[in-house]
Amino acid sequence: MVKRTGARSLSVKIASLKLKNPVMTASGTFGYGEEYAEFIDLNRLGAIVVKGLSITPRLGNPTPRVVETPAGMLNAIGLQNIGVKAFVKDKLPFLRQFKVPVVANFFGDTVHEYVSAARELSKAEGVNALEMNISCPNKQEGWIVFGTDPKSMDGVITEVRKATDLPLIVKLSPNVTDIGRMARVAENAGADALSVMNTIRGMVVDIRRRKPVLANNTGGLSGPAIRPVAVQMVWDTCRAVSIPVIGMGGIMTAGDALEFLIAGAVAIAVGTANFVNPVATLEIIEGIEKFLAEEGVSDINDIIGSLRVNE
Amino acid sequence: MSKFFTCEIVGNSGQNANFKLLTLQPASQIIAPKPGQFYMIQTGTACDPLLKRPFSIYNFEQNHLSFLYRIRGKGTLSLSQLREGDVLQVIGPLGNSYPEPDGDFIAVAGGIGIASLLPLIRKYRQRAYLFYGAMNTGDLVMLEETRELAKEIFITTDDGSDGQKGWITHAVKDFLGELKIANQPSPRRKGALSIYACGPVPMLKALSEITRAAGLPCYASMEEHMACGIGACLGCVVKIADKRASLQRGAEAAGQFIYKRVCKEGPIFNIEDIVW
Ligand SMILES: Cc1cc2nc3c(=O)[nH]c(=O)nc-3n(C[C@H](O)[C@H](O)[C@H](O)COP(=O)(O)OP(=O)(O)OC[C@H]3O[C@@H](n4cnc5c(N)ncnc54)[C@H](O)[C@@H]3O)c2cc1C
Ligand SMILES: Cc1cc2nc3c(=O)[nH]c(=O)nc-3n(C[C@H](O)[C@H](O)[C@H](O)COP(=O)(O)O)c2cc1C
Ligand code: FES
C-alpha cells in the first residue's frame, strides 16, 4: 500500500508482535471477540485479548457477580470459561477470519495448570501471544496469590517460559506494595512484556442486609475510578524494566489512552469501557489519530514515553 | 441498522411517584424489537452512573421506543431526572423473546414485570388472561391500557388495597384448578395453554411448582445484575439444569447445573430448566 503524504503511523511492537495500532482489548471484557463483531470491524483493532482460559473449564462464582461503584464497577466472575480445548475448537476458527493478532489470556490454580494451558495454547493455530494472569491464588502454597509473592511469581513464570515460544506477556496485580519490584521479577523470569494492571480488590456492603453485595464478598475494581492509580503504576513499571509495558485501567477515551502512552506504555487495553460503549475501541483509535494530527506528530512511537517529569 | 444508537428523550413522565414512562426517538431507523426483548440505556451524562441499565421494551410505535420503569437506585433515579431533548446512548434490541402463544395464554406479572409482558398482551389482543400482582394499589400501573388489551384481568395486592389480598401465584393456582374442574380450558385453545411470567424470583419459583404440577409450559423472564448486556462480561448468569449431565449420568447428576447468560441466552427461559 502506498503511504499517503502526511499519513501517520500508529503501529507499535510488543516484543516480536506487530500491532497496526496500540489499542487492544482487556481480557474478560471482550468475550472471545464474537459479541463485538456486530458492533465494530474487528480488523481495525491492534489486538484482541480474550477472556481468561484455564486448562479445564470453570463454572465461575454465584451471582451477584457485578455491582456498580462510583465511576467504576466491582466484578467477581470467578474466571468462568470454557477451557482451552473448547476455545481452540469452537472460538479460534472465528477469530482466525480476522487479520488481528489474538492474545490468549490464561491462568491456573497450580504451576502445573499454568504450564499445561500455556503448552496447549502455544500449539493452536491462530494464537499469536500469551498473556498470563497471575492474580490467582496458588492452591499448593496456601492460596497465596502468585502475583503478590515474588517467589511464587518467579517460579510460575520460569516454568511457563520453558513451555512456550510465543511472546509471553505477564499481567501484573496492583495489589502489591512495590509494583516495580514485581515487574523486575517477571522480567528476570523471562517475560517478554508486561500488562499493567489487573483490577484492585474491593468490597461493597448492603447496609440494610449487612452483607457484602457480591456473592463472593469481594471483587475486582475497574473503570475510570482506577485510572490515576493505573497511570502511576504504568509509569513506575516502565522505569523499573526494559521490556515493553501494556497499560490499562479505566481507559474510556483517546485522551485517557494517551496518558498511558505518554507515561511509557507501548500499547493500551480497553476494558470496562467496552461495556459502556461497544464502539469505544474504535473511537479511541480515531481519537489518537486526531491527536497526532493536531500535534503534528507522524509516528505514535514519538509519543510513547514522552512524559516531561517535573524536576 | 446498528444495535448501538443515540436517541432523544421525547417523554419522561411519571405514572405515579415510583413509576415513569420513558419515550425515546432514535436518531436513525432501528431494528424492531420483539416482545420480551430489552435495551441497555444510558442513565446519566458523565461517568457516574457508569454502566447502562437494562429495561424491557414496553412499546415500539412509529420508530419510537418506550420503557416503563420503576425508580429503584442510583441509575433509575438519575434517569428520572433527565428531560425532554436530552440525548442518550442505547443498545438493543437484546436477548431472546417470548415464544409465540398458541391460542389464548396466561400472563403473570409481578410489579414492574408488567412492562415486559405488555408487548405480548398488546400483540395478541384479547387473548391474555392477565394475572397482575403488586405490593399495593400504588404499584399497579397501566391498568386502563391492560383492561382493553387483555381478555380478563385478575389482580392481587399484598395489603389488599386493590383486587384480592394475597399472592398472585395463588390466584393462578385457583384459576388452573377451576379450569380443570370445568374441563374446558379455553375456547381458542389449540395446544396447551402456555404461561408467560415476569416478576420477582420468589413469584417465579412458586409459579414453577404450579405449572409443573399442572403440566403446562411456562416461560419466565429473568433478571440479573448486568454490566454489558451483550454477552461479554459473564456478570448476568442464571443456573440452568445440565440436561447433558443428567442424560449421561441420570439421577447421580441431579442438581447439576450450567450457567447461562440472561442477556444472551435469555432473558426468557423455560421455567422448568431454571435451578432455583
Ligand atoms: C432483562 C431485564 C429487563 C428489565 N426491565 C425493566 C423494566 O422494564 N422496568 C424496570 O423498572 N426495571 C427493569 N429491570 C430492572 C432494572 O434494570 C433495575 O431496576 C435497574 O438496573 C436498577 O438500577 P439502579 O441503578 O436504579 O439501582 P441499583 O442502585 O443498581 O440497585 C437498586 C437495587 O436493585 C437491585 N438491582 C439492581 N439491578 C438489578 C437487576 N438487574 N436485577 C435485580 N436486581 C437488581 C440492587 O441489588 C439493589 O438492591 C430489568 C432488568 C433486566 C435484567
Ligand atoms: C468483568 C471483568 C472480567 C475480567 N476478567 C479478566 C480475566 O479473565 N483475566 C484477566 O487477566 N483480567 C480480567 N479482567 C481485568 C481487565 O482485563 C483489566 O485489567 C481491568 O478491568 C482494568 O481495566 P479497565 O478499568 O479498563 O476495565 C476483567 C475485568 C472485568 C471488568
Ligand atoms: S450482562 Fe454482560 S454477559 Fe450478560
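In this predicted model, chain A holds an open sheet of eight strands, whose order is 3-18-17-12-11-8-7-4 and whose pairing is parallel. The edges of this sheet are formed by strand 3 (23-25) and strand 4 (48-49) of chain A, each of which pairs on one side only. In general, the strands of a sheet pair through backbone hydrogen bonds, either parallel or antiparallel.

Within the sheet, strand 12 (residues 193-196) and strand 17 (residues 245-248) of chain A run parallel and are joined by three bridges; in strand 17 of chain A, A:Gly247 is the bridge partner of A:Val196.

| Helix of chain A | Strands of chain A involved | Angle |
|---|---|---|
| Helix 6 (residues 227-240) | lies across strand 12 and strand 17 | about 170° to strand 17 |
| Helix 9 (residues 280-295) | touches strand 3 and strand 18 (267-270) | about 165° with strand 3 |

Turning to the ligand, ligand 1 lies between chains A and B and is surrounded by 24 residues, of which the closest are B:Tyr69, B:Gly73, B:Gly75, B:Thr76 and B:Ala115.

In chain B, strand 4 (53-56), strand 6 (64-70), helix 1 (74-80) and helix 2 (114-123) each supply at least two residues of the shell around ligand 1. The shell also draws on two domains of chain B, with at least three residues coming from each of domain 1 (4-94) and domain 2 (105-221).

Conventions
Residues numbered from 1 in each chain as written. Chains lettered and ligands numbered in written order. Predicted model: local features only at pLDDT ≥ 70, side-chain atom pairs only at ≥ 80, totals over all residues. Pairing = 2+ DSSP bridges. Helix = DSSP H or I, 4+ residues; strand = E, 2+ residues; numbered from the N terminus. Contact = placed C-beta atoms within 7 Å. Axes fitted to C-alpha atoms, helices over the stretch in contact; angles between N-to-C directions. Near = placed C-beta within 6 Å. Domains from an automatic or database assignment.
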